[in-house]
Amino acid sequence: QVQLVESGGGLVQPGGSLRLSCAASGMIFRVAAMDWYRQAPGKERELVATISSVGTTRYADSVKDRFYISRTNAKNTVFLQMNNLKPDDSAVYYCHIQLNSGYWGQGTQVTVSS
C-alpha cells in the first residue's frame, strides 16, 4: 500500500518562503511522477507542480519562477520550495503520486498572512 505523508506547512508573511516535503512509502516511488496540488476554501483543487520520474518539471502559471519541485529517489521524498509567497497561495497543499488510480497525502496547511 502506498502512503504519502506531507510536512512543512505553516503560517508565513507575504514575501516569505516555505519548503514542503512529501515522504512516500514503497519502492515504486522512483518510477512514478509526483504532483503537488492545492485547494483553497470554496475553490477546486488545482495542480501546482509536477515532476516526472526522470526529473522533468511543470508548473502552473500562477507559481512559475516562485515555486520549485524536486525529488530525491534515494529517500522517496518530493519537495516543493515556495518563495515570494502571496496571500493567494494560502491553501491546503496535497502530495499526489501518479500510480494506478493515484494516491493522496493528508494535506498540509499553508497560510500567507501579515
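Colleague: Why is Y59 called partly exposed?

Modeller: Y59 has a relative accessible area of 22%. Buried means under 20%, exposed means over 50%, and partly exposed is in between, with a 1.4 Å probe and protein chains only; Y59 at 22% is therefore partly exposed. This is a predicted model, in which local features need pLDDT of at least 70 and side-chain atom pairs count only at pLDDT 80 or more, whereas totals for chains, interfaces and linings use all residues. Residues are numbered from 1 along each chain as its sequence is written, and side-chain values use heavy atoms, leaving out hydrogens and water.

Colleague: How many aromatic pairs does the structure hold, and what makes Y59 and Y68 edge-to-face?

Modeller: There are three aromatic pairs. The ring centres of Y59 and Y68 are 6.4 Å apart and the planes stand at 75°. Rings of Phe, Tyr and Trp (its six-membered ring) pair if their centres lie within 6.5 Å; planes under 30 degrees apart count as stacked, over 60 as edge-to-face and the rest as tilted. The pair is therefore edge-to-face.

Colleague: Why is the pair of Y94 and W104 described as edge-to-face?

Modeller: The centres of these two rings are 6.4 Å apart and their planes are at 90°, so Y94 and W104 are edge-to-face. Y94 lies in strand 9 and W104 in strand 10 (residues 103–104), so the pair ties together parts that are ten residues apart in sequence. Strands are DSSP runs of E with at least two residues, numbered from the N terminus.

Colleague: How do you know that R45 sits over the ring of W104?

Modeller: The charged end of R45 is 4.5 Å from the ring centre of W104. A charge sits over a ring if NZ of Lys or CZ of Arg is within 6 Å of the ring centre and within 35 degrees of the ring normal.

Colleague: Is D89 buried or exposed?

Modeller: D89 has a relative accessible area of 1%, so it counts as buried. D89 is placed in the loop between strand 8 (77–82) and strand 9 (91–98). A polar atom of the D89 side chain lies 2.8 Å from the backbone nitrogen of K86.

Colleague: Which residues does D89 touch?

Modeller: Not counting residues up to four places away in sequence, D89 touches R38, R66, F67, N84, V110 and V112; contact means heavy atoms within 4.5 Å.

Colleague: What makes strand 7 and strand 8 a pair?

Modeller: Six bridges join strand 7 to strand 8, and the two run antiparallel. Two strands pair if DSSP finds at least two bridges between them, so strand 7 and strand 8 qualify with six.

Definitions and conventions:
Helix = DSSP H or I, 4+ residues; strand = E, 2+ residues; numbered from the N terminus. Polar contact = N/O pair within 3.5 Å; in protein donor to acceptor, adjacent residues only side chain to side chain.
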